[in-house]
Amino acid sequence: MKFTIDVLGIFLKVVVRVNKVTFAPLVVSTLFILLTSLLAHCARRLVQKLVKESFIRVLLEEAIAAAELCGCCFELIIVADNFGVGTYAIFLFALTIWWSLNWGEATACPYTHIEDIIEGKGDVRKALLKTWAELAGGLLVFKYVQMYWALEISETHKDKAFEDCKADLQVPVLYGAAVEGIATCLCRLASKSLGDLNPRFATAIDSFIGTSLVVAAFEYSGGYFNPVLATSLKAGCDGHTLLEHAVVYWIGACAGSILSVYVYKLPAIQKYLAPSNTAANGDSIWDNKED
């Protein structure tokens, strides 16, 4: 055992030394993402323990989820820029599973509340309040990210804290809105189908589909599929106006989400979702764990 540990220690020292420029910054980014997730997890538990009024608790959980999502994704931009889209996809895949298992009823996404209204599960006032909470969490978290980046622990964070951001939209506005809308629709259809069919590993499958669509749209619109996330990361950046941003990331994504509600109800879709197809073994990658 001691020999194994010694060999592993030597190996890690060699790897860090040989890859000092590339390996260490990735560790810094990973630790930041872990720290952000841990802080959000603790905040969520604290709210669940201390806040008794159910709707206030829901609003705080939405704000925390949005802050966690946006905080992690700010760092994922660093990962994508310096280590490639492949590394970014691996991180996003793992994080999506983590969020699915830990957020509970929070979504950090406004169009899920619109879907609830259409399906008679929610009302406009609550939807607006949840959206406000999500925007607050998503926008305020940048100060936390900025403080971390300002430390410039790694070269990849150098000058990032106060750098002018650039839009990810690389195509005309209507094309970008179509990309966000179609991809959002596909994501929502996949999530709804997996939720009803409830197969084993559904969480991982859903994460894989979502990550794949994000990567596919990465070079066109950035692949946000979430208005709050896009607003937190890219609103006001050079490359598009606020109106263009709203058309692509709010109208486009919300239109795709609304379309998914009606497409999902089509007989051609529903015939594959009979109750007899519902699995009883859970949809988590862990036994006896519900998502």
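Guide: What follows is a chat about side chains and their partners in this predicted model.

Visitor: Okay, charges. How many salt bridges does a search of the whole structure find?
Guide: The search finds seven salt bridges.

Visitor: Pick one for me. Which residue forms a salt bridge with Glu 115?
Guide: Arg 188 does, and the closest N and O atoms of the two are 2.8 Å apart. The pair links distant parts of the chain, with Glu 115 in helix H4 and Arg 188 in helix H6, 73 residues apart. Helix H4 covers residues 111–118, and helix H6 covers residues 173–197.

Visitor: Is Glu 115 buried or exposed?
Guide: Glu 115 has a relative accessible area of 2%, so it counts as buried. Arg 188 is buried too, because its relative accessible area is 18% and the cut-off for buried is under 20%.

Visitor: What does the side chain of Glu 115 make with the side chain of Lys 192?
Guide: A polar contact, at 2.7 Å.

Visitor: And which residue forms a salt bridge with Lys 192?
Guide: Glu 119 does, with the closest N and O atoms 4.0 Å apart. Lys 192 lies in helix H6 and Glu 119 in the loop between H4 and H5, so this pair ties together parts that are 73 residues apart in sequence.

Visitor: How do those two stand for burial?
Guide: Lys 192 is buried, with a relative accessible area of 12%. Glu 119 counts as partly exposed, at 30% relative accessibility.

Visitor: What about Lys 234, which residue forms a salt bridge with it?
Guide: That is Asp 168, and the closest N and O atoms are 3.7 Å apart. This pair also links distant parts of the chain: Lys 234 is in helix H8, Asp 168 is in the loop between H5 and H6, and they are 66 residues apart. Lys 234 counts as buried at 7% relative accessibility, while Asp 168 counts as partly exposed at 23%.

Visitor: Which residues do salt bridges that share partners join into one network?
Guide: The network is made of Glu 115, Glu 119, Lys 121, Arg 188 and Lys 192.

Visitor: Nice. Let's switch to rings. How many aromatic pairs are there?
Guide: The count comes to nine aromatic pairs. Take Phe 32 and Tyr 144: their ring centres are 5.3 Å apart and their planes are at 25°, so the pair is stacked.

Visitor: Is Phe 32 buried or exposed?
Guide: Phe 32 is buried, because its relative accessible area is 0%.

Visitor: Which aromatic cluster is Phe 32 part of?
Guide: Phe 32, Tyr 144 and Tyr 148 form one aromatic cluster.

Visitor: Where does Lys 126 lie?
Guide: Lys 126 lies over the face of Phe 55, at 5.6 Å from the ring centre.

Visitor: And where does the charged end of Arg 200 sit?
Guide: Over the ring of Phe 201, 5.4 Å from its centre.

Visitor: Last topic, the surface. Which residues form a nonpolar patch there?
Guide: Val 27, Leu 31 and Leu 34 do, and together they have about 260 Å² of accessible area. Val 27 is placed in helix H2, which covers residues 20–50. Val 27 is partly exposed, because its relative accessible area is 34%.

Conventions:
Residues numbered from 1 in each chain as written. Predicted model: local features only at pLDDT ≥ 70, side-chain atom pairs only at ≥ 80, totals over all residues. Heavy atoms only, no water. Patch = residues over 30% accessible without salt bridge, like charges linked within 9 Å, V, L, I, M, F, W, Y side chains within 5 Å. Areas by Shrake-Rupley, 256 points an atom, 1.4 Å probe, with all protein chains shown as cover. Salt bridge = Lys/Arg side-chain N within 4 Å of Asp/Glu carboxyl O. Helix = DSSP H or I, 4+ residues; strand = E, 2+ residues; numbered from the N terminus. Buried < 20%, exposed > 50% of the residue type's maximum accessible area, 1.4 Å probe, protein only. Phe/Tyr/Trp six-rings, centres within 6.5 Å; stacked < 30°, edge-to-face > 60°. Lys NZ or Arg CZ within 6 Å of the ring centre and 35° of its normal. Polar contact = N/O pair within 3.5 Å; in protein donor to acceptor, adjacent residues only side chain to side chain.
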